[in-house]
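Reader: I would like to learn how to read a structure like this one. Please show me the chain, and we can go through its features in turn.

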Amino acid sequence: MMGVMASEETRAVKPTAARTPSAQGPLPPAPRAWAVRLVVVGIVLSALNLRPAITSLGALLEEVRDGLGMSGSVAGLLTSVPPLCFAVFGVTAPRLARRFGAGAVVCAGMVAITTGLLVRPYTGSTPGFLAASALALMGIAVSNVLMPVIVKRWFPDRVGSMTGLYSMALALGTSAAAAVTVPLTDALGGGWQSGLAVWAALAGAAVLPWIPLVRDKGPGSAVGSVHARVEGAGPVQHVHARVEPTALRITRSRTAWALAVFFGLQATAAYITMGWMAQIFRDAGVPAGTAGVLLAVTMVMGVPLAFVIPRVATRLPHQGPIVLALGVCGLAGYAGLYLAPAAGAWVWAVLLGVSNCAFPLALTMVGMRARTGAGVAQLSAFAQSTGYLISIPGPLLVGVLYQHSGGWGLPIALMIGLMIPQMAVGVLAGRDRTVEDEAAAATP
């Protein structure tokens, strides 16, 4: 896999002017080989920890409710806490990264996840459980935002492969936590506390690779450097250019807004799928155990596709065709749930799993729609924070429609209705342009 990644390059760029040490100062040193390997390990381990705090809780939610005496309304609130925390805390990530370095912030994020997961099962109260969960989600939020930034800084010529690698690891962590939390709980004696706390060990392992990189803010400079293939230069040449932070007015970019809305709508679809798809199958007569397997199938689809889709996306000048293909899969899956949920259950699960791979595509476009590390940091924070805010009402609205209509017709119609604008804004976000250029052009 690493051999394939090493050969992939982004689209060729034309040098604007030759940079010489005498004319513009000494070139920054190339990133050290051991540091690059350590970053790869850190990215993979961190990505594995970006969802187990959520999906492990979902697997044991009934036991947690009973153990803490949690009301149904508070339990329902838990489904909206993750996107709320992602939106609130994710927006702080670029500022923290500028001050302390992206590696240091991700390291702190992994410490927060470890602490939150270790503490929350043993707080003994609902407020304590919520507070510890928020601590873990805060660590996830800043790491969510900074993963594209780290990829852009350390692997600017392999954005697709590295985004695919950590997206695949993220999908693997998500599905593994959903699938094995209950068996792990049984193996550890049946207590839900130990079943939730065990995931702190994986988060603790993710802290270790970042410790040597806490003071290293990126290759080449404190902010990062740009590596590019020089068109017509034959073998790959790394051209180092110092990247300084800029005051980018991200809200002036139409692409940034399109990407934020696309991110929010795909997150809405993902949370609805994770929260309600198994119940749709059960209400259609599918046994509970089979419904759980169907949900796992949907989530597992993201493991291979999360590696393939970003690599394909970086080779296309416009990512709109991929957006449309994923959207069509989603529409077909929702139509199947409406017309014959039990008869074609396995087909619908696969189609919705493919559709949910809009997430790694969105992350890839974050890395492609900005030229600099500072631009990626701002775009990632804006798109994810705004997007997660957009996604908060979706799962709750599905529950309200289901309760008041007594069936899944209206909720599925809502899902279909949301997929149309998701496809439209995804096509806009996939256009070959950068937010820096748009923001500059919009500035009077």
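Reader: Is R433 buried, partly exposed or exposed?

Author: Buried means under 20% relative accessible area, exposed means over 50%, and partly exposed lies in between (1.4 Å probe, protein chains only). R433 has 36% relative accessibility, so R433 counts as partly exposed. Before going on: this is a predicted model, in which local features need pLDDT of at least 70 and side-chain atom pairs count only at pLDDT 80 or more, while totals for chains, interfaces and linings use all residues. Residues are numbered from 1 along each chain as its sequence is written, and side-chain values use heavy atoms, with hydrogens and water left out.

Reader: Which side chain does R433 meet in a salt bridge?

Author: A salt bridge is a side-chain nitrogen of Lys or Arg within 4 Å of a carboxyl oxygen of Asp or Glu. R433 pairs with E438, at 3.9 Å from N to O. E438 counts as buried because its relative accessibility is 15%.

Reader: How many salt bridges does the structure hold?

Author: There are three. One of them joins R371 and D437, with N and O 2.7 Å apart. This pair links distant parts of the chain, 66 residues apart: R371 is in the loop between α19 and α20 (373-391), and D437 is in helix α23 (residues 435-442). Helices here are DSSP runs (H or I, at least four residues), numbered from the N terminus. R371 is partly exposed because its relative accessible area is 44%, and D437, at 45%, is partly exposed too. R158 forms a salt bridge with D157, the closest N and O atoms being 3.7 Å apart. R158 counts as buried at 17% relative accessibility, and D157 counts as buried at 5%.

Reader: How should I read empty space inside a model?

Author: Rolling a probe the size of a water molecule over the atoms shows where empty space is left. On a 1 Å grid over the protein atoms alone, a cavity is a set of points where a 1.4 Å probe fits but cannot get out; a pocket is an open set with protein on both sides within 12 Å along at least five of seven lines; lining residues have an atom within 4 Å of a point. Here the count is six cavities of 30 Å³ or more.

Reader: What is the volume of the largest cavity, and what lines it?

Author: The largest cavity holds about 370 Å³ of space. It is lined by 20 residues, and L170, T174, A270, N356 and F359 are the closest to its centre. Helix α14 gives the most to this lining, with five residues. By class the lining has 12 nonpolar, seven polar and one charged residues. Ala, Val, Leu, Ile, Met, Phe, Trp, Tyr, Cys and Pro count as nonpolar, Asp, Glu, Lys and Arg as charged, and the others, Gly among them, as polar.

Reader: What is the volume of the largest pocket?

Author: The largest pocket has a volume of about 1500 Å³. Of its 46 lining residues, the closest to the centre are G58, A59, L61, M274 and G275. The lining divides into 29 nonpolar, 12 polar and five charged residues.

Reader: Where is T298, and how far in space is it from V350?

Author: T298 is in helix α15, and it counts as buried because its relative accessibility is 2%. T298 and V350 are 5.6 Å apart, C-alpha to C-alpha, although 52 residues separate them in sequence.

How values were computed:
Points joined across faces, edges and corners; volume = space filled by probe spheres on them. Helix = DSSP H or I, 4+ residues; strand = E, 2+ residues; numbered from the N terminus.
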